[in-house]
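Colleague: I am new to reading models. Please take me through a few features, one at a time.

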Amino acid sequence: MYVPAAVEVTPEQRIVEAAAVLRADEAVTGWAGLRWQGAAWFEGTDGQNGPRDVPLLARRDRAAPSGAVVSQEFLHPDEITTVDGVPVTLPVRSVVHEMRYAVALGEAVIALDMACYSDLVSLAEVAAYVGALGPVTGIQQARDALALGDENSWSPKETAMRGVWTRRAGLVRPLCNAPVFTLEGRHVGTPDLIDPVLGLVGQYNGIDHLSIAGAAADTKKDAAYRELGLETVSMLVTDFADLDDFTRRLLEAARRAARRTAPRLWTVAPPTWWTPTDTVARRRRLDAFERERVLRYRRTA
């Protein structure tokens, strides 16, 4: 088998090439299995944007093909599905593999959150699968990640920010993308993170926020939250190079929020007209029209 030199080496192309060596009862798994089944955010790159190997589950001794890594863990045929001609493990097997073999706990939580983001798995489904596993490689990391997972994180950086919020700053676990309303029921915004007790909002401002238009929109949004009595703190893409500085700003914002005494003009309790989409189960129940209406933001991921 060969590939013409002009073919672009996309993540999908790398998956196809790695899968070409598979035989019966073998499959693609991990990040590649999730990507092939439509999961967003699984780009197949490491922290420096270099390509990650495509993980394969194979039941026979063999040398890993270039760009792939082979594991000989037991794989039941019922855990394999064929999508567009490529055998892949079911989403729950794929994400648990990714959680077990992640380089760090934070990466394992991101994998879980992003698989939930695309509604391929729910926390309950992953919990049931992990609970049935024995003492396999990385099982404790998978269990730890499961306890930290959230079904409503919208990006890997949001999940990473939540980790800084709870594990580094020691603050109470915030809600992810909980919509904020006025007491009259007007939707003001949906912050990345919010502590509904303190009234503390956290926003991750990535590269797309560095433009003049992006900065203006962020300023307007922060002003709207502050007008309601919420304290806001923003994490910039550059803050990952100096987490101590962001942690300090976050804790200062938490202290300011704790000192606020003015009556609250906001709530996270949605009005009756609102369609909640904060869980995998709720999103799966949406029909095509509702998904287009309330989940339109996901097309830009």
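Colleague: Is Glu98 buried or exposed?

Modeller: First, the ground rules. This is a predicted model, where local features need pLDDT of at least 70, side-chain atom pairs count only at pLDDT 80 or more, and totals for chains, interfaces and linings use all residues. Residues are numbered from 1 along each chain as its sequence is written, and side-chain values use heavy atoms, with hydrogens and water left out. Now the terms: buried means under 20% relative accessible area, exposed over 50%, partly exposed in between (1.4 Å probe, protein chains only). Glu98 has a relative accessible area of 9%, so Glu98 is buried.

Colleague: Which residue forms a salt bridge with Glu98?

Modeller: A salt bridge is a side-chain nitrogen of Lys or Arg within 4 Å of a carboxyl oxygen of Asp or Glu. Here the partner is Arg52, with the closest N and O atoms 2.6 Å apart. Arg52 sits in the loop between helix H2 (30-36) and strand E2 (54-57), and Glu98 in helix H3 (residues 91-101), so the pair ties together parts 46 residues apart in sequence. Helices (H or I, at least four residues) and strands (E, at least two) are DSSP runs, numbered from the N terminus. Arg52 is partly exposed, at 31% relative accessibility.

Colleague: How many salt bridges does the structure hold?

Modeller: It holds 20. One of them joins the side chains of Glu252 and Arg248 (3.3 Å, N to O). Both lie in helix H9 (residues 243-259), four residues apart, about one turn of the helix.

Colleague: Which residues are linked with them in a network of salt bridges?

Modeller: Asp239, Asp245 and Arg249 join Arg248 and Glu252 in that network.
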